[in-house]
Amino acid sequence: MSTQGGQVPVLVLKEGTGRTIGREAQRSNIMAAKIVAETVKTTLGPCGMDKMLVTGMGDIAITNDGATIMKELDVQHPAAKMLVEVAKAQDNEVGDGTTTAVVLSGELLSKAESLLDKNVHPTVIIEGFKKASEKAQEILDSIAMPVTFDDDATIKQIALTSLNSKGINIAQEHFTKLLVDAVKQVAEKVDGKYKADLDLIKVVKKHGKSLDESELVKGMVLDKEVASSQMPKIIDNAKIALLNAKLEIEKTEFDAKINIESPDQMQLFLDEEERMIKDMVTAVQKSGANVVFCEKGIDDMALHFLGKAGILTVKSVSSGDIEKLARATGASIAASVKDLKADTLGNAKRVEEVKIGDDKLLYIRDCKNPKAVTLVIRGASNHVIDEAERSLHDGLCVVRNVIEDGKITAGGGATEAEIAKGLRAYAVKVGGREQLAIEVFADAVEAIPLTLAENAGLDPIDIMVALRSEHEKKDGKRMGIDVSTGKITCMCEKMIIEPLRVKQQVIKSATEATNMILKIDDLISIKGSKMPPAPPGGMGGMGGMGGMGGMGGMGGMPY
């Protein structure tokens with residue numbers, strides 16, 4: 001839209017379109033992102049508080065997991081949605097550090113706003129942030145410490161550090177052992193490096209008992225029951241057949257008509273069908289299998305014969321579970337009963353049906369060196385179990401990260417303090433206006449230990465002064481905040497350690513999201529959608545153009 005020499009304004013955009021441009025657009029975006037970051041800020045660290053999230057349906061989630069909070073929040077502001085994406089990316093990539101990434105993004109934007117107020121151009125800030133991010137990655141590499149696959153004590157401490165900030169403090173030692181054992185069990189060496197696919201660790205949640213009674217099953221647990229009451233419920237020294245075929249007579253793919261002229265012919269017809277099903281069951285028996293898991297359906301007559309033969313059978317098993325069973329038991333998936341042979345069968349010490357509350361589960365226990373395992377979570381209520389599952393996800397991810405990368409860093413804000421120190425020294429060398437951006441990047445990174453101190457009820461100013469002082473010393477790079485004592489101590493001695501990959505991803509995702517938001521200087525909302533409120537008058541407002549009130553009243557966008 002434009003006006004020239006007092007002429008009638010020319011409508012370029014559709015009537016009713018909202019628009020905010022320039023500094024106001026940047027302020028609106030930064031404000032929305034900062035508010036989202038403030039929402040999760042209090043959940044950071046071992047002393048972080050929980051959030052109770054109530055959905056429109058009345059469902060309740062109580063959590064301090066950043067990824068869950070961001071996912072459940074119904075964020076509508078476009079800039080705030082970018083921070084939700086940061087949390088998702090962090091969760092998908094490394095599984096932990098979601099709150100840290102969102103808090104850092106909010107701090108970077110807050111610091112960038114102070115530079116914008118001093119008329120530093122957004123492009124200069126973006127370039128400075130890019131350089132700071134690259135330098136931060138170099139600093140992380142230089143302070144990382146190696147850890148080996150067999151160093152169980154260190155790996156358990158890494159898992160414990162992750163679980164410390166979660167809502168399952170009551171059973172964190174027990175869960176630490178479970179998740180380290182689980183990841184190590186499914187880890188495989190590929191080209192000299194370990195790889196651990198977390199999809200091979202199945203998590204089953206069952207209400208009842210307590211968190212301490214959760215267990216790791218060296219095999220699989222299926223939410224299924226034995227297909228027939230005639231079958232045995234327990235099989236020891238199981239020989240397991242996996243079938244991707246129906247145990248029933250296939251129906252013809254075309255219409256067929258059979259003329260039966262006497263009851264004898266009818267009986268022969270039925271006898272032949274029974275013989276065909278018997279042959280299928282005989283083929284299963286001949287293979288030596290005493291347990292059958294079938295992905296497809298099984299005829300009632302086939303179930304009868306399998307029951308008489310004492311073969312424990314489960315039907316309609318999902319394809320994902322069949323694949324995990326193959327990895328756990330060492331069985332090959334057969335496309336037909338004819339393909340079943342002794343060497344295609346898997347093994348387990350015991351297969352049994354277990355009743356938990358009103359549900360029946362099938363346990364395939366103690367497989368020999370299984371490459372798929374199951375974690376069974378028990379707990380007093382569904383809220384406890386759900387939070388335990390979220391905590392386990394983060395714990396499994398950090399253990400996987402350490403096993404795959406073999407590198408760790410100190411926790412408790414020590415790494416962030418060292419990055420800030422390195423960036424301030426680097427900023428002086430860069431010089432120019434970009435120096436300002438690098439310096440505020442360092443300040444933003446220091447917000448992580450500052451928040452840890454605040455959430456622990458400590459004096460943040462005293463803590464930061466002491467932390468900076470320790471990091472100026474020769475051996476101070478691993479000094480961090482001990483939230484239990486309120487003192488600055490060596491994090492490695494306290495065994496508060498984290499995977500290097502988590503810290504690297506936090507810096508990457510926060511910087512990329514911040515730079516994207518800073519580059520925006522124009523928000524255009526098509527008719528029907530809402531925009532953040534525009535300022536009165538000026539180019540952003542466009543409210544004073546007669547008969548065009550739709551363009552001025554842009555309505556407040558909820559975030």
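Rings of Phe, Tyr and Trp count as a pair if their centres lie within 6.5 Å. The exercises below apply this to a predicted model.

**Exercise 1.** State how many aromatic pairs there are by this rule, and classify the pair of Phe129 and Phe441.

Solution. The count comes to two aromatic pairs. For Phe129 and Phe441, the ring centres are 5.6 Å apart and the planes stand at 70°. Planes over 60 degrees apart count as edge-to-face, so Phe129 and Phe441 form an edge-to-face pair. Next, place the residues: Phe129 belongs to helix H5 (residues 122-143) and Phe441 to helix H13 (residues 434-445), so the pair ties together parts 312 residues apart in sequence. Both Phe129 and Phe441 are buried.

**Exercise 2.** Classify the pair of Phe149 and Tyr194, and decide whether each residue is buried or partly exposed.

Solution. The centres of Phe149 and Tyr194 are 3.9 Å apart, with 5° between the planes, and the pair is stacked. Phe149 sits in the loop between strand E4 (145-146) and helix H6 (152-164), while Tyr194 is in strand E6 (residues 193-195), 45 residues apart. Buried means under 20% relative accessible area, so Phe149, at 18%, is buried. Tyr194, at 23%, counts as partly exposed. Lys184 also lies over the face of Phe149, 4.6 Å from the ring centre.

**Exercise 3.** Describe how helices H3 and H4 pack.

Solution. Helix H3 (residues 78-93) and helix H4 (residues 98-117) pack at about 145°, their axes 8 Å apart. Their crossing is right-handed. Among the contact residues are Leu83 and Val86 of H3 and Ala101 and Val102 of H4. By class, the contact has five nonpolar, three polar and one charged residues.

Key:
Residues numbered from 1 in each chain as written. Predicted model: local features only at pLDDT ≥ 70, side-chain atom pairs only at ≥ 80, totals over all residues. Heavy atoms only, no water. Axes fitted to C-alpha atoms, helices over the stretch in contact; angles between N-to-C directions. Helix = DSSP H or I, 4+ residues; strand = E, 2+ residues; numbered from the N terminus. Left-handed = near helix turned anticlockwise from the far one by under 90°. Contact = heavy atoms within 4.5 Å. Nonpolar A, V, L, I, M, F, W, Y, C, P; charged D, E, K, R; others polar. Phe/Tyr/Trp six-rings, centres within 6.5 Å; stacked < 30°, edge-to-face > 60°. Buried < 20%, exposed > 50% of the residue type's maximum accessible area, 1.4 Å probe, protein only. Lys NZ or Arg CZ within 6 Å of the ring centre and 35° of its normal.
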